[in-house]
Amino acid sequence: MRLFYFDMVSPTRRDRDEVGILYPSVDDAYLEAHRAAVEISRDLLLRSGGGDPNIYRFEIFDRDRNLVLEVPFREVLNPGAGARVRPMEGVMESLHRNLARSRALKAELAVQLAEARRCAGSMSNRLAKAAAG
Amino acid sequence: MSLDRAVRSLGLQDTDAAVFASLFASQRTLAKSELLTDEGARSPFVSILVDGFAQAVRVLADGRQQCLALFLPGDCLDLTALVLGRSSAATRALTLATVAQARMTDVQALITERPQIGRALWRATALRGIATEEWLVGLGRRSAFERLAHLMCEVMHRMRAAGLASHAVCDFPLTQTDLADMLGLSCVHVNRMVQQLRAEGLIQLGRGRLTICDEPRLTEAGGFQADYLGRSPPPARKTDETFLLRYGLADPA
């Protein structure tokens, strides 16, 4: 059995799961999240002022808090509206996000390194001039 | 819980209580998840749960299951089988549990001999039926939040009646899966509702213990009214007759 955390996320709020649930596989976790999305949507729709369930999604994390997959309620509630989320898509999205973040950091480091080199070169020139003068 | 207290919680007094208790001479220990009786099975015993938690459960062909009743220490099990000869649902231990057992034929003979014992078991069966109605209302009409709040109020009330709660704290060894099977919800939804009850300062739950931090608000959230449990005060004969008349279990004449 593997431990999964189910954060429920809206554009303005994250309800972080601090307890987690044990499931045999990612597929089982996905199916339970799917079922929960239906149940929670039903409660929201029946409750006066419950709001639009389409704005929510489950983000499912593994024991080490790595994002495993996302389950947007809108895709559960409107299964014909688009491709259904599969576990690997969540993993790939996570990888793409991390890759983009790494590239951005690499670019920032390159800029800072060039600036440091420029400063070092400038100081070196000034020291050489001072020694000659 | 002592067997004597369990027997008295049925409303039996003095000699009736002593004679009835004397039938429950044997004890059986059940491991967590162990089956006491299977669905549709004929059991030669009537059992009283002395220690631990158990449930009556029905399992669908694909493995999904619905808990029909939660048994706490002091509860009489197998009441349906006592009348109908076989169990309508499986009885399974939710924790390590101990049951005291009497031979069903001995109990049936004693009912004939001592009508008060039959009346007490009849009352316990009727109360179980009313508790099932209350669960049915919850499954059909209450939101997930209301269902969970109601269940926690019920468990606390019953544990107090059994003398097993200290103020607002009692054992609560139920897993999220157990709760999901009782409330007809997914585990993920139960998980969220538990966290919501915590976040709103209504309960604390951890290490198998439940603490109700704000009982008036939790009671209101679950729409809980304890009347259906019919636990206290122990019924006198007159109360019994009123009870039986109210639910059409006795001849008004």
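Start in chain B with helix α2 (residues 14–23) and helix α4 (residues 104–113), whose axes come within 10 Å and cross at roughly 160°. The axes are lines fitted to C-alpha atoms, for helices over the stretch in contact, and angles run from 0 to 180 degrees between N-to-C directions. Helices (H or I, at least four residues) and strands (E, at least two) are DSSP runs, numbered from the N terminus. The angle makes α2(B) roughly antiparallel to α4(B); under 35 degrees counts as roughly parallel, over 145 as roughly antiparallel, 65 to 115 as roughly perpendicular and the rest as oblique.

This model is predicted: local features need pLDDT of at least 70, side-chain atom pairs count only at pLDDT 80 or more, and totals for chains, interfaces and linings use all residues. Residues are numbered from 1 along each chain as its sequence is written, while chains are lettered from A and ligands numbered from 1 in the order in which they are written.

Which residues bring α2(B) and α4(B) together? From α2(B) come B:Val19, B:Phe20 and B:Leu23; they meet B:Asp106, B:Val107 and B:Leu110 in α4(B). Contact here requires C-beta atoms, placed from the backbone, to lie within 7 Å. Five of the contact residues are nonpolar, none is polar and one is charged. Ala, Val, Leu, Ile, Met, Phe, Trp, Tyr, Cys and Pro count as nonpolar, Asp, Glu, Lys and Arg as charged, and the others, Gly among them, as polar.

Helix α4(B) also lies across β3 and β7 of chain B, running at about 60° to β7(B). These strands belong to an open, antiparallel sheet of three, in the order β1-β7-β3. Strands pair if DSSP finds at least two bridges between them. β1 (26–30) and β3 (45–51) of chain B stand at the edges with a single partner strand each, so one side of each has no neighbour in the sheet. Five bridges join β1(B) to β7 (residues 97–103) of chain B. Within this sheet, B:Arg28 has B:Val99 in β7(B) as its bridge partner.

Now turn to the other chain. Eleven residues of chain B are in contact with 14 residues of chain A. Helix α8 (residues 187–199) of chain B gives the largest share of the chain B side, six residues. That side has four nonpolar residues, six polar and one charged. The predictor gives the complex an ipTM of 0.74 and a pTM of 0.78.

Methods:
Contact = placed C-beta atoms within 7 Å.
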